[in-house]
Structures are given as structure tokens and as C-alpha cells.
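Please keep the sequence and the model in view while reading.

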Amino acid sequence: MSDAGVVAVIRAKSKDQLIDIAKALLEGGVPSIEVTMSTPKAIAGIELLADKLGDKAIVGVGTCIDPATARDAIAAGAQFVVSPVFDAEIVATTIRYGKISVPGAYTPTEILRAWSSGADVVKVFPATTLGPGYFKDILAPLPQLRLTPTGGVDTKTTPQWIKAGAVFVGAGSALVSKDAMDKGDWNAITTNAKAFVEAVKTGRAG
């Protein structure tokens, strides 16, 4: 997940699109694919991706807000669990099954509490209003943290987030756009994926 530096956050209209989207992302160098629970039949979609592309892709569940959903997603093949908020039981469930825990938090207190509960990476959400400077401010007194931003991340801001200390970025519509999904324009998704991977490299080089 951290090697490519990008996690694709997918909110598809149908689970039937997921294989094509995932293949397009893989071709562009993005193997980490987060299927949000707002995708219809998301658990079935995760199972489909894990069965078909599990040897190439790192499939996870997003928008997970209760431990039962985390358990179901992991049973279906999810390798990581992402939440918009911090829930200690979700983190504990994820760790119990040996998977990667990425809970959401916003304030320094929430972020540290999530980290101390055993999170592998803390998702700072929504990151839109905070900006990369927030990561620098947080990591100065708490350098042990591993942080990722989600919300409003695009190829222009990705290098800044990486330079500020993000281990990877979570990219949604800027990577897998609604328009590309509606049109079945998988080449556009591959192109976007390549651009995000390059943006991460730029951030790490700087």
C-alpha cells in the first residue's frame, strides 16, 4: 500500500464494474483498492475482487462503521479496513484477524487515541480543509504516527501531502471519476492512476 503511495477509494454504482475498474488501476500501478460500503452489494464485490485479482490487488473495505461489517468484509477477502471515524472495536476486530487497520480521526487527540489503539495508519478525514501543513504540525511532536489524508486529494496536492509526511494518499473521484465509471472509460482511470503514482514519486523525491 505504501510502496505505490496511493489507495483508490471506489464508490461504484454496481459491483459489476469493480473488476474493470480494478484492472484499469492495476495497469496504472495502483494495486490498493478500497471498496466503500456505499457501493451496492459491497461485500459481494470485495469477494469478487479477492477471488479474481487477489494475487495482484490489495483489496480492502471502506466506510466501515461497525465491527460486524469489518468481520464480514474480512471474511470476504478484505486485507484492510478503513473507517471515516475511530471506533476501538473496529480496530480490535481488524487486528484480531491480522488485517490492516486504518481508522479515521481529525483532531490530535483523536489521532493519537486511534494510533494507541493499534491502528496501522490513521486516516485524517476530512483532510480537505486542513491541508498538508496540518500533517507537519502533528508529526513534529508525534513523529511515530503514520498518517494518510482522504478528502479532496488530487494529483496537484499529492506531492505536498507526501512531503508533509503522508505514508500514502487516499484518492476518490480524482482517480476514479464518476464520468469514467458511467462511460466505462477504463483508459482514463489507468491514465489517472499513472499520474497519481508519478505525483507520489515527485513528493518523495522532494
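Strand E7 (residues 122-124) and strand E8 pair in the parallel sense over three bridges. Helices (H or I, at least four residues) and strands (E, at least two) are DSSP runs, numbered from the N terminus, and two strands pair if DSSP finds at least two bridges between them. Within this pairing, Lys123 has Thr148 of E8 as its bridge partner. The two strands belong to an open sheet of three strands with parallel pairing, in the order E6-E7-E8. Strand E6 (104-105) and strand E8 (147-149) form the edges of this sheet, each pairing on one side only.

The model is predicted: local features need pLDDT of at least 70, side-chain atom pairs count only at pLDDT 80 or more, and totals for chains, interfaces and linings use all residues. Residues are numbered from 1 along each chain as its sequence is written, and side-chain values use heavy atoms, with hydrogens and water left out.

Beyond E7, the loop between E7 and helix H6 (132-139) contains Pro126. The peptide bond from Phe125 to Pro126 is cis, with omega near -10°. Most residues other than glycine have a negative phi, and most peptide bonds are trans.

Lys41, which is not a glycine, has a positive phi of about 55°; its place is the loop between E2 and H2. Thr63, also a residue other than glycine, has a positive phi near 55° and lies in the loop between strand E3 (58-62) and helix H3 (67-76). How accessible are these two residues? Lys41 is exposed, with a relative accessible area of 64%, while Thr63 is partly exposed, at 31%. Here buried means under 20% relative accessible area, exposed over 50%, and partly exposed in between (1.4 Å probe, protein chains only).

The next region to consider is strand E1 (residues 6-10), which is joined to E2 by four bridges, the two strands running parallel. Val7 has Ser32 of E2 as its bridge partner, and Val9 stands opposite Glu34 in E2. Strand E1 is also joined by three bridges to strand E9 (residues 169-171), again in parallel. In that pairing, the bridge partner of Ala8 is Ala171 of E9.

How many residues of E1 are buried? Five of the five are, so E1 is largely enclosed by the rest of the structure. In a regular strand the side chains alternate between the two faces of the sheet. In E1, Val6, Ala8 and Ile10 lie on one side and Val7 and Val9 on the other, and all are buried, which leaves both faces covered. Strand E2 (residues 32-36) is mostly covered as well, with five of its five residues buried. Ser32, Glu34 and Thr36 point one way from E2, whereas Ile33 and Val35 point the other way.

Helix H1 (residues 18-27) has Leu18, Ile19, Ile21, Ala22, Ala24 and Leu25 as its buried residues. An α-helix has 3.6 residues a turn, so residues three or four places apart point the same way. The cover over the buried residues of H1 includes E1, E2, helix H2 (42-53), helix H8 (178-183) and helix H9 (186-205). Helix H2 also holds Asp51, which counts as exposed at 61% relative accessibility. Asp51 and Ile10 are 41 residues apart in sequence and 18 Å apart in space, C-alpha to C-alpha.

The chain as a whole has nine helices and nine strands. Its radius of gyration is 16 Å, close to the 17 Å that the globule rule gives for 206 residues, so the chain is as compact as a globular protein of that length. The radius is taken over C-alpha atoms, and the rule is 2.2 Å times the number of residues to the power 0.38. Along the principal axes, the C-alpha atoms fill a box of roughly 45 × 40 × 25 Å. Of the 206 residues, 50% count as buried. Among contacts (heavy atoms within 4.5 Å) between residues at least 6 apart in sequence, 58% join residues at least 24 apart.
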